[in-house]
Amino acid sequence: MSLKHAVSRGLEWGRSVFQLGLIKSGGRVVAKFRADRFRVGPQARGLQPRAFLPARYRYYRTSLRGLAAQLQSAAFRRGFGGGAARNRAVFLAFGLGVGLIEQQLEDDRRSDAACQEIQAVFKKKRLQAPLRPFTSGYRLEDYVIGNQIGKGSNAAVYEAAASLAPLAPLKDEACVVELKEDGEQPVRPLTCCSLRNFPLAIKMMWNFGAGSSSEAILRSMSQELVPVGRAALNRRDQVVLDGHFGVSPKGLAAHPNIVRVCRVFTAEVPLLPGALEEYPDMLPARLNPAGLGNNRTLFLVMKNYPYTLQRFLAESAPSRRQRALMLLQLLEGVDHLCRHGVAHRDLKSDNVLLELDAAGDPRVVISDFGCCLSQRDRSLQLPFSSVCVSRGGNVSLMAPEVINALPGTNMVIDYSKADAWAVGAIAYEIFGRPNPFYRGVGLESRRYQEKQLPPLPSWVPGDVQSLIRLLLRRNPEKRPSARVAANMLHLSLWGRRALADHDGAAMGELVDWLLCQSALVLLKGPRGNTVEAELQTIFLAQLELEELRAAVGFLLYGRERR
Ligand SMILES: Nc1ncnc2c1ncn2[C@@H]1O[C@H](COP(=O)(O)OP(=O)(O)OP(=O)(O)O)[C@@H](O)[C@H]1O
C-alpha cells in the first residue's frame, strides 16, 4: 500500500515525487515522507508516468491488501488499570514502560512489514542475463576457438564463439574501447574486435587424476560446476550429476555478481594455440608423448570478460564512486554465495572478472569456483578432522579463523564470514593500495593485529574506511556478515540523508527512505539495467529489518569513533 501510494503520488505530481509525503490507509496516516529529505533525483524528472500507470497499479494491488490486513490486526494494545489503589502508581509506571515498549514493538512491526513488502516486490524482478540464451553448444565442435586469454594452475581459458553464430563485422571506428583516466589521456586502447567476435570464453580444465570417463570427470571437478545452471548440461550429464551438486540439483541461483557458466561438457583434449609451449605437461600422450594429462577433460563455457579486477585496477583510474560500487558488488556476490551454502575460499583480484556497463561503470563477477565449499545444509561449517581436509586456495587471503583452525575430533571450520574477510583485504586493492596480506607487503592473516592494518588513502570516505576495518576484524563474531556489510555500503552510498540524524533506535525514518528508494527504482523502470540499478534492486530484494538495523548500528559506531 505504502509503495503504491508512493508511486501514485509520484505519478500525480510528476517532478515532485514524495515532496508531499502523506500515505493514508482507510483515513489513517501510516507513513510520512519529509519534503526536505526525500527530493527526487534528476533521474526521475523526465518521467512520462502515465505510460506505465495501469501495470504499476495492478502490480501493487495484492501487496496493498496484505499490508492493510496487517494494519488491521495491530490491535495489540492491552489496557492496564484496576487493582488496589496502592498498586496504581506501580501500574502507571509499569504502564508507561510497557507503552513505550509497545510503541517500539509497533514501530518494529510496521518497519518489518514494510521491509517484507519491499522485499516481495523486488524479489520478483528479474535481472538481465549476461548472455542471450542459445540452444545448442554441448559439444566442443559447436565452438570456434580463438586465442588463449588466461591461464591458472588448473586450466587454460580461450576466447570462443558459437560456430553457427555470424562473426561481427570489423569496423575500425567501433573497434576500440579507450580507458581514460578521468579526463586525461587515454591510458591504453583495448581492441574489442576480439570480444565482439568471440563473446564467449571456454575454460579447459587440466585433467590429471580424474580418469577419462565423463562421469568421473564431472564428479571429480564438481566444484567448478557450482555456478552452472541445470540447462548448461546435456540430459545425460544432468542424470550423472543428480545428487552430486553440493548446492542443489539446479546449481547455484543466478546472480549478477557471480559468473554464469552457460555450458559444461566433457570432450577430448584438443591441441589449442600455445598448448605445446605453455602447458605441454598437461596434454595427453596423444598430443605430447611426454604429457601427463588424461585424454578427456571438462570444458566450461562462459561470457568472455575483457578484464580481471586486478588488470582493470592496474590499467585504469576509476572514480571513488566506481570503486565503492566494485566493493559493493563483491559483497553482494559473497552474500549470495553464503545464502546458498557456498564459500568461495579462493577470492583474489584475478578471480574476479570485470566488464563495463552501458553507463561506463564496472560490473564485477566472482569466478573460478574450483576451491569452493558447497553444502546442501548451507551451514558453511566444515568438519576439520585431519590436516588432509583442504581449507581452500590462496593461503594469503585465508581468514584468521580458517588459517588458524586446528584439526581434531568434532572440530569444524566456520566459513560463514571467511569470504567477507577476503573482500576486506581485496578492498585495499580496490581503493588503490597494495593488498596488505600479500607477501612482500607485510601482514599475515594468521597473526596480524587489527591496529597494524595500514591506513587507506585519505580520500576514501570515512564509512568505507570503517567498513573495511570491520571486515578485517580477526574475530568473526565481531565482523559483519557480507549482507550487513553490503547494507552498510548501500546506506552510505544512497541513504546518507536518512541516516544523518538517525538515533539508532527508531527505524521509521529509514523505512520511509526505503519506501522512497523503492518507488524511485521502480519508476526508473527499464532504463535501469546498469550496475547501480542492479545493486539497488538486489539490496531491496534482500531487505531484512534485523540486518538493516545491524548495518545502521555498525555505521553509527564507526562514525562515533571517528
Ligand atoms: N570468462 C572469462 N573471461 C575472460 N577471461 C577469463 C574468464 N575466465 C577466466 N579468465 C582468465 O583466465 C584466468 C584463469 O582462469 P581461472 O582463474 O578460472 O583458472 P584456474 O586455473 O582455475 O585458476 P587458479 O590458478 O586461480 O585456480 C583468469 O585469471 C582470467 O584471466
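Biologist: Which strands does helix α9 lie across, and at about what angle does it run to β13?

Modeller: This is a predicted model. Helix α9 covers residues 320-339. The helix lies across β12 and β13. Its angle to β13 is about 25 degrees.

Biologist: What is the order of the open sheet of 3 strands, and which are its edge strands?

Modeller: The pairing in this sheet is antiparallel, and the order is β10-β12-β13. An edge strand here pairs on one side only.

Biologist: How many bridges join β10 to β12, and which residue stands opposite Tyr-307?

Modeller: Strand β12 spans residues 352-356 and runs antiparallel to β10. The two are joined by 2 bridges.

Biologist: What is the strand order in the open sheet of 5 strands, and by how many degrees are neighbouring strands turned on average?

Modeller: The order is β3-β4-β7-β9-β8, with antiparallel pairing. The edges are β3 (143-151) and β8 (261-268), each pairing on one side only. Ignoring direction, neighbouring strands of this sheet are turned against each other by an average of 30 degrees.

Biologist: How many residues surround the ligand, and which are the closest?

Modeller: The ligand is surrounded by 21 residues. The closest are Ser-153, Asn-154, Lys-203, Lys-303 and Tyr-305.

Biologist: How far is an oxygen atom of the ligand from Lys-203, Asp-350 and Asp-368, and what share of the ligand's accessible area does the protein cover?

Modeller: An N or O atom in the side chain of Lys-203 is 2.7 Å from a ligand oxygen. For Asp-350, a backbone N or O atom lies 3.0 Å from an oxygen atom of the ligand. For Asp-368, an N or O atom of the side chain is 3.0 Å from a ligand oxygen. On its own the ligand has 620 Å² of accessible area, and the protein covers 90% of it.

Biologist: How many aromatic pairs are there, and why is the pair of Trp-206 and Tyr-279 tilted?

Modeller: The structure holds 9 aromatic pairs. In the pair of Trp-206 and Tyr-279, the ring centres are 5.2 Å apart. Their planes stand at 40 degrees, so the pair is tilted.

Biologist: Which loops hold Trp-206 and Tyr-279, and how many residues apart in sequence are the parts that the pair ties together?

Modeller: Trp-206 sits in the loop between β7 (200-205) and α5 (214-220). Tyr-279 sits in the loop between α7 (275-278) and β9 (296-303). The pair therefore ties together parts whose separation in sequence is 73 residues.

Notes:
Residues numbered from 1 in each chain as written. Predicted model: local features only at pLDDT ≥ 70, side-chain atom pairs only at ≥ 80, totals over all residues. Heavy atoms only, no water. Pairing = 2+ DSSP bridges. Helix = DSSP H or I, 4+ residues; strand = E, 2+ residues; numbered from the N terminus. Contact = heavy atoms within 4.5 Å. Axes fitted to C-alpha atoms, helices over the stretch in contact; angles between N-to-C directions. Near = heavy atom within 4 Å. Polar contact = N/O pair within 3.5 Å; in protein donor to acceptor, adjacent residues only side chain to side chain. Areas by Shrake-Rupley, 256 points an atom, 1.4 Å probe, with all protein chains shown as cover. Phe/Tyr/Trp six-rings, centres within 6.5 Å; stacked < 30°, edge-to-face > 60°.
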